[in-house]
Protein chains: 2
Amino acid sequence: MEQRQRLFVCVLLALCATQSANGGNILVWYTEGSHWINMKPVLETLVDRGHQVTVLTPAASLFMNASASSGFRYEPFDVSVSLEDMEKFLEDFLHFSMYEMDHLSYLQIYIRFINMMKNDLHNSLRYLDGVLKSETIMKKLKEGNYDVLLADPIYPGSDLTAEILGIPLVFSLRFSLANNWERKCGQLPSPPSFVPSAMSKLTDKMDFSERVWNFVFYFLHDILLNSIYWHDVDQYYSEVKGTPTSACETMGRADIWLMRTYWDFDFPRPFLPNFKYVGGMHCRPAKPLPEDMEEVVQSSGDAGIVVFTLGSMIKNITREKGNMIASALAQIPQKVLWRYSGEKPETLGANTRLYNWIPQNDLLGHPKTRAFITHGGTNGIYEAIYHGVPMVGIPMFADQPGNMVHMKAKGAAVTVDLNFMTTEDLRDAINTVINEKSYKESAMRLSSMHHDRPMSALDEAIFWIEFTMRNNGAKHLRVQAHELTWYQYHSLDVLAFLLTVVLLITLLCVKACSLCLRRCCGWKGKTKTE
Amino acid sequence: MEQRQRLFVCVLLALCATQSANGGNILVWYTEGSHWINMKPVLETLVDRGHQVTVLTPAASLFMNASASSGFRYEPFDVSVSLEDMEKFLEDFLHFSMYEMDHLSYLQIYIRFINMMKNDLHNSLRYLDGVLKSETIMKKLKEGNYDVLLADPIYPGSDLTAEILGIPLVFSLRFSLANNWERKCGQLPSPPSFVPSAMSKLTDKMDFSERVWNFVFYFLHDILLNSIYWHDVDQYYSEVKGTPTSACETMGRADIWLMRTYWDFDFPRPFLPNFKYVGGMHCRPAKPLPEDMEEVVQSSGDAGIVVFTLGSMIKNITREKGNMIASALAQIPQKVLWRYSGEKPETLGANTRLYNWIPQNDLLGHPKTRAFITHGGTNGIYEAIYHGVPMVGIPMFADQPGNMVHMKAKGAAVTVDLNFMTTEDLRDAINTVINEKSYKESAMRLSSMHHDRPMSALDEAIFWIEFTMRNNGAKHLRVQAHELTWYQYHSLDVLAFLLTVVLLITLLCVKACSLCLRRCCGWKGKTKTE
């Protein structure tokens, strides 16, 4: 008898697990750079769990390599943008972010930024042509019978493709400009009074002027995105569908939003049942280092090592900066492992080794690691949090400056400015995070927060991807807010109605009173007297 | 080397698990009725996990039995309210809810309701006297070195006690009137446009008039609670602390809010990182039935059984109602197991058995169970969801009518009205949920949603209670909104400032333009011309 009851629960649980046992069919949207670096370990885990993973891969990709051996299948498609165009665009963007911004006025920065955004969107839509306007690819995708589309929405079009294929959609997102996509399309509540806009470099503790700035930041970027992003994407979607289409609404149909932060890195904020905070889902326990690297690390003695990288995008800096940095590194007692492909700086100290590539996560997880010098990308920061390593930030572009503001506010980092720092600034910053106990303690506290959750970030991400597959979506997690206009959402129509009613009642009362007074007491209104 | 890395992660995980291994020291606030029934299985699990659980138990308690054998320790305290007073109050309340409401005008209902609320609060504060104003009890609690206070805030004072003892606080809450506690004190965002107020009997899909009603419902109840609840509790807290104290602010210091719903029962809504939705945490797989009961169940054949209870509060109904209900039950092909302690109805059919008590969860988990006739309490509804059983609701008071609206909206229930239903209404309702496939399908869909989550509701609740103990709170999940005034939260000060700036700039521009025109073109303003 008891067995029978247990059987029922077991059958339910088995039903839940069926999909992962049978293996689902997952389509992955193309992405680039650190977004791809973040996505890959998740896909590898999905493959390990028996799913078939197919990755749409553009011919011109800087990071996705369709010929690379891996457990997942690549579905290459042609694009009318050349690899050289992409490299040129990236180079221009990095040069602007790293060196030009400090010499330009705010207006000039804005104009350059807008032009780059337009250029980027133009390229993105040409990529999208390669999928949506290619009969061969669309036929293949339709015949693929996919259970879910997993996409980082940094490249537009995944939502429309999922809609055309009639399959559920899971987003993996770090951030959008001023949280526009999450707020406007995902209906994520973001009160400007305590939810700092992405890229605003604010924390959740804002004084009045900061709250004004945050409000204006949201407002202006909404206008900006409406005019230079949504306008074009709406037009593209409408053209493809042959009917007026709101791209933001299409985006809002995503079943699950896997947000690549958590309350270790981010500030607590309101969210929704279909938003899952899985920051650090790419992190793993450290693996052993290559033998020669382990030797270098061990030779550091008690002083330990410092890990230094400016991320996957930056392979080179100016000779002058290189020398300045190398000179600072030469002055610290730690050994430094520096990922750097540029010309060897003349001031390079005996304690510093240059590498074309480093196993960053494994190095950060090494017990001899004392600090991490980083450009402030979320992937690297999360690896530092995972392993409890304090940071020195040299942020450059996108979310990096804001990310370092988070880490600084949480006491786990010191930040320096690439364009203004001196050798002494960098040296002192490294010494500070290593020698002042509070930085290590804060890093360990964040690490503890990161690990002390009901389920690891990776497991949670995998759970919700598989959930979406086995339930053909996640409709019961979708708020009704999606069906409301902005004024309905904020009850402005209700307020207007109630105010009108109150006003009318007041008017009627006043009229009635004056009438009564006039009739009963012979009192006459002022107007009559006049 | 690899071992070393693994060791680090293991140490972190071990650190997280230490508390549960060592066993924490948990103080539990007194509660009553279904709230206690819900709390007990959680406490039992905590005991099983090696924690010491101490339950504050008032001398006058209808449900908590300090002499009952269980794994937890009871800490009894004296109260100046007698058990008879409590029973009288409950009886009046039930009579009012079940029979009087339909004969009274809205105004009369409201006046009675307010009087009962006042009476209830008065009693609650006399209970609180038994703890906070008893030197013996407070000394014992201080010496108890508790790691956390776990409380259903239905009885006020747990937050103040946690503050005085200097220990973290975990709430377990089903709902508060118009969500006032969660919204106002917990900072839970609840846009009236799609988050129906508790007890409003609305769903998340509201037309304009319903949105107006929901808005007004929130608004009026906030005023009501301010005047008859918060005013008195503020005064009490201020008196105890000797300094002006906001009870709502004190409540807002809770580390974790365990909300006893989930998206199976509730409609998706915005929430916060320290709000955990663990509805159904009291449910367990069904255990075998007592032998004689199993015989009755098995004798039902293919038709199966119907489980019927009006909850822990209702032991009796009028003879007339009893006969009407029994007559309906006699007309269905199923066997009925009815929990009923009143006089045996004359119309009782051969298919219906009366019981003073039934193992509700075990019966609902029985494969022969076809339907559940319920008063619509959340505990029972969750047991039905857990086991996938469609429902017939006969809701009476508190959240019950609203709960049944949820279940009806989700397609798993039909509702009848105790005061207006006929024998045929009840019979048809039972036949409908049993014979129309969609009800069973909806119940199974809800059951699947309930079970298909990263962690069971009970495990999640236990995790966050233990988390709060081992981290001495959960500060990193607390939104900054707690530090803002209501106008700051809604950025009204920022809006006022920005509007003023825009107005000033516009004025200056107009002035400047008119000045320019006058000077350059000899144009003269209208005022001058006149």
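A residue is called buried here when its relative accessible area is under 20%, exposed when that value is over 50%, and partly exposed in between (1.4 Å probe, protein chains only). The structure is a predicted model, in which local features need pLDDT of at least 70 and side-chain atom pairs count only at pLDDT 80 or more, while totals for chains, interfaces and linings use all residues. Residues are numbered from 1 along each chain as its sequence is written, chains are lettered from A in the order in which they are written, and side-chain values use heavy atoms, with hydrogens and water left out.

We can turn to the cysteines. With a disulfide taken as a pair of cysteine sulfur atoms within 2.5 Å, two disulfides are counted over all chains. In chain A, Cys185(A) is joined to Cys248(A), with the sulfur atoms 2.2 Å apart. The torsion about this S-S bond is about -110 degrees, so the disulfide is left-handed. Cys185(A) sits in helix H7 (residues 180–185) of chain A and Cys248(A) in helix H9 (residues 247–251) of chain A, so the bond ties together parts that are 63 residues apart in sequence. Helices here are DSSP runs (H or I, at least four residues), numbered from the N terminus. Both partners are covered: Cys185(A) is buried at a relative accessible area of 3%, and Cys248(A) is buried at 15%.

In chain B, the disulfide is formed by Cys185(B) and Cys248(B), whose sulfur atoms lie 2.1 Å apart. Distant parts of the chain are linked by this pair, as Cys185(B) belongs to helix H7 (residues 180–185) of chain B and Cys248(B) to helix H9 (residues 247–251) of chain B, 63 residues apart. The S-S torsion of Cys185(B) and Cys248(B) is about -105 degrees, so this disulfide is left-handed. Cys185(B) and Cys248(B) are buried.

Further cysteines of chain B can be described too. Cys283(B) is buried, with a relative accessible area of 7%. Cys513(B) takes part in no disulfide, and the nearest cysteine sulfur, from Cys509(B), is 6.2 Å away. Cys513(B) is partly exposed, at 47% relative accessibility.

Finally, there is a charged feature to look at on chain A. A patch of negative charge on the surface brings together Glu84(A), Asp85(A), Glu87(A) and Glu91(A). Such patches consist of residues with over 30% relative accessible area and no salt bridge, like charges being joined within 9 Å; a salt bridge is a side-chain nitrogen of Lys or Arg within 4 Å of a carboxyl oxygen of Asp or Glu. Asp85(A) is located in helix H3 (residues 83–100) of chain A and is partly exposed, at 39% relative accessibility.

Key
Helix = DSSP H or I, 4+ residues; strand = E, 2+ residues; numbered from the N terminus. Patch = residues over 30% accessible without salt bridge, like charges linked within 9 Å, V, L, I, M, F, W, Y side chains within 5 Å. Areas by Shrake-Rupley, 256 points an atom, 1.4 Å probe, with all protein chains shown as cover. Lys, Arg positive; Asp, Glu negative; His and termini not counted. Charge placed at Lys NZ, Arg CZ, Asp CG, Glu CD.
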